[in-house]
Amino acid sequence: MTNPAQGAAATDSVWPAVLTWRAHTAPRMESVRVQLVGNRIKAAGRIIGGQCAEHPAFSASYDLVTDENGVTRRLSLRTSLASGERQVSISRDSQGNWMVENGTNPKRSTFGGALDVDVVLSPFFNTLPIRRLGMHTDSEDIQVPVVYVYLPDLSVQEASLTYSSGADGIHVLSPVSSSSVTIDRDGFILDYQGLAERI
């Protein structure tokens with residue numbers, strides 16, 4: 001498949017970089033500082049959302065580290081709402097077991113063999129399977145198990161995303177939407193239809 005990235009994708013890559021997205025229809029933004037070495041990603045980001053039909057007003061911050069193959073090693077997330085703060089820590093060991101700790105009920109699971117974490121409302125986290133599986137250079141239909149985190153309540157469950165190539169980019173079927181994404185040559189989201197666009 002030809003690389004679906006166009007336009008901004010032609011610019012030279014410079015890492016580390018700060019990537020920022022603005023939601024299409026909601027009062028929400030995400031900004032993340034990304035350090036990239038081969039397939040290893042280290043990222044520190046923040047999502048800010050104003051009150052709307054989709055969610056209450058909240059802010060969320062996260063820190064992510066993957067291994068040299070792009071597999072998620074750990075993710076820590078913290079949210080702030082008017083009602084209080086929440087946090088969750090998600091880590092994966094070398095045997096493929098995930099540990100989810102939220103201060104009350106620690107959970108240990110393989111999450112269906114997941115190698116990636118996906119966070120609802122975030123275009124950034126789609127980059128993890130896209131880069132790890134090389135979908136930014138070539139793509140075929142593929143089902144990806146993920147550790148799925150909902151915002152702003154930080155509930156965590158096993159889920160599956162389906163990625164398939166198309167003329168308009170990569171189609172993504174998730175538990176909450178069916179949409180297409182366009183990506184730059186490094187596999188980072190430029191536009192996630194119905195969710196957000198990079199600015």
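1. Trp15 is partly exposed in this predicted model, with a relative accessible area of 26%.

2. Five aromatic pairs turn up when the whole structure is searched. In one of them, the ring centres of Trp15 and Phe188 are 5.0 Å apart and the planes meet at 35°, so the pair is classed as tilted. Trp15 sits in the segment before strand 1, whereas Phe188 belongs to the loop between strand 13 and strand 14, so this contact ties together parts that are 173 residues apart in sequence.

3. Tyr148 is buried, at 1% relative accessibility.

4. A further aromatic group is a cluster made up of Tyr62, Phe124 and Phe125. Phe125 is located in the loop between strand 9 and helix 1. Apart from neighbours within four places in sequence, the residues in contact with Phe125 are Tyr62, Leu64, Leu75, Val117, Asp118 and Val119.

5. With 2% relative accessibility, Asn126 counts as buried. Which residues does Asn126 touch, not counting those up to four places away in sequence? They are Asp118, Leu161, Tyr163, Val172, Ile189 and Tyr192.

6. Strand 11 and strand 12 (residues 169-173) run antiparallel and are joined by five bridges. The two strands form a hairpin with two residues between them. Tyr163, in strand 11, also stands opposite Ile142.

7. Strand 10 (residues 142-149) and strand 11 (residues 156-166) are antiparallel, with eight bridges between them. Their hairpin has six residues between the strands, and Leu154 takes a positive phi near 65° there. From Phe125, Leu154 is 29 residues away in sequence and 15 Å away in space, C-alpha to C-alpha.

8. The model has seven salt bridges. One of them joins the side chains of Glu197 and Arg22, at 3.3 Å from N to O. Glu197 is in strand 15 (residues 196-198) and Arg22 in strand 1 (residues 17-23), so placed that the pair links distant parts of the chain, 175 residues apart. Both residues are partly exposed: Glu197 has 30% relative accessibility and Arg22 has 39%.

9. Glu68 and Arg40 make another salt bridge, with the closest N and O atoms 3.3 Å apart. Glu68 lies in the loop between strand 4 (58-66) and strand 5 (72-81) and Arg40 in strand 3 (residues 40-49), so parts that are 28 residues apart in sequence are tied together. Glu68 is partly exposed, at 48% relative accessible area, and Arg40 is partly exposed at 33%.

10. Arg198 is bridged to Asp184, the closest N and O atoms being 3.1 Å apart. Arg198 is in strand 15 and Asp184 in the loop between strand 13 (178-183) and strand 14 (189-192), 14 residues apart. Are the two partners buried or partly exposed? Arg198 is partly exposed, with 22% relative accessible area, whereas Asp184 counts as buried because its relative accessibility is 7%.

11. On confidence, the protein chain has a mean pLDDT of 91, and 92% of its residues reach 70 or more. Residues 1-11 have pLDDT below 50, and this stretch has 24 contacts in the model beyond near neighbours in sequence.

Technical notes. Residues numbered from 1 in each chain as written. Predicted model: local features only at pLDDT ≥ 70, side-chain atom pairs only at ≥ 80, totals over all residues. Heavy atoms only, no water. Salt bridge = Lys/Arg side-chain N within 4 Å of Asp/Glu carboxyl O. Helix = DSSP H or I, 4+ residues; strand = E, 2+ residues; numbered from the N terminus. Buried < 20%, exposed > 50% of the residue type's maximum accessible area, 1.4 Å probe, protein only. Phe/Tyr/Trp six-rings, centres within 6.5 Å; stacked < 30°, edge-to-face > 60°. Contact = heavy atoms within 4.5 Å. pLDDT = per-residue confidence, 0-100. Pairing = 2+ DSSP bridges.
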